[in-house]
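Student: I would like to go through this model with you, one region at a time. Could we begin once it is on the screen?

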Amino acid sequence: MRFLNNIRVKTKLLISFLIVSILIGLVGSIGIISLKASETNSENMYNDSLQSVYLMSDVKKGLLEIKSEVLQLVYVRDKDTKSALENEIQNNTARDNTDIALFQKIIMSDTEKQIYTTFNNQLLQYRAVRVNIIKLVDAGNFDEAVKQYPQLVNVNNTMMESLDKLINANIDSAKTSNINNKAITNNSSKLMTILLIAGLIIAIGLGLILSKNINTPLIKIVDLAEHLAQFDLTHIYPVTRKDEFGKAGGALATAQENIKGLVKAIMENSQEMSASSEELSAKIGRAH
């Protein structure tokens, strides 16, 4: 770590804080990115997958109710309830159309699009058979309605299979989004933990290194200053660094050398003055 001795204290502190700041920024960035990804997955899971499951389940419920109502029209043959049953069929059909229209606005995968196309074709076929059966019932031709009812059941069964596939596809999509969220959370937690531990170790290490790098020369400078304060000019301070502490120590060492030179010059001048004084006294004594 001797290279630190030649770097300014301000620069060393700035670099240290910059390193810690970068680590903190990395942890924060990873957290923000992970939360954003989890939020996106959660929105997709709710807005697409779960909403699709809800809408298609509601459509399935409506179709099953319509199947039951058509069955009553064909076999029960109750004139008093015929109008009520046909109204219920219309209401359920309208509700199914609303759910299907909402479902079409949801983003679908390629697999879901294929299943939905098959379901939609089956639905059109199912409704065509159902309308024909209701017309036969309205005309009182129950025998022919009974003959065509099995066809309605067959189309209904294949349609329900397509609906179940569509529902299961969205359930699987929701499960995948949930798994992705867990994976993002786990990976982010591990990475953030690693960075936090690394940041803690680096921060402690930098603190110890900088404190030693600053404290050691400071103690030497204080020691030199104390010797100067006690007029001890024998203390030697070797200048081995180029930072502020090295410059301060060098300045004090230079000051000590200058004081030594000044004291030496004063002593030499004092000796010269003493010799001159003695010589002058001797001349005055001879003169008398």
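Student: Where does aspartate 58 lie?
Tutor: This is a predicted model, and in it aspartate 58 is located in helix α1.

Student: Is aspartate 58 buried or exposed?
Tutor: Aspartate 58 is buried, yet it has no salt bridge. The nearest side chain of opposite charge belongs to arginine 95, 4.1 Å away.

Student: And which residues does aspartate 58 touch?
Tutor: Setting aside residues up to four places away in sequence, aspartate 58 touches Arg95, Asp96 and Asp99.

Student: Changing topic: how many residues are in the largest nonpolar core?
Tutor: That core has 34 residues. Those with the most contacts inside it are Leu63, Val70, Phe119, Tyr126 and Ile133.

Student: Which elements give two or more residues to this core?
Tutor: They are α1, α2 (79-104), α3 (110-138) and α4 (142-229). The largest share, ten residues, comes from α3.

Student: What is isoleucine 133 in contact with?
Tutor: Apart from neighbours within four places in sequence, isoleucine 133 contacts Val70, Val74, Ala145, Gln148, Tyr149 and Leu152.

Student: Which residues does the second, separate core include?
Tutor: The second core has seven residues, among them Val9, Ile221, Leu233 and Tyr237.

Student: Now the surface. Which residues make the nonpolar patch?
Tutor: Ile15, Ile19 and Ile202 make a nonpolar surface patch of about 210 Å². Isoleucine 19 has its place in helix α1, which spans residues 9-76.

Conventions:
Residues numbered from 1 in each chain as written. Predicted model: local features only at pLDDT ≥ 70, side-chain atom pairs only at ≥ 80, totals over all residues. Heavy atoms only, no water. Patch = residues over 30% accessible without salt bridge, like charges linked within 9 Å, V, L, I, M, F, W, Y side chains within 5 Å. Areas by Shrake-Rupley, 256 points an atom, 1.4 Å probe, with all protein chains shown as cover. Salt bridge = Lys/Arg side-chain N within 4 Å of Asp/Glu carboxyl O. Helix = DSSP H or I, 4+ residues; strand = E, 2+ residues; numbered from the N terminus. Core = buried A, V, L, I, M, F, W, Y, C linked by side-chain atoms within 4.5 Å. Buried < 20%, exposed > 50% of the residue type's maximum accessible area, 1.4 Å probe, protein only. Contact = heavy atoms within 4.5 Å. Lys, Arg positive; Asp, Glu negative; His and termini not counted.
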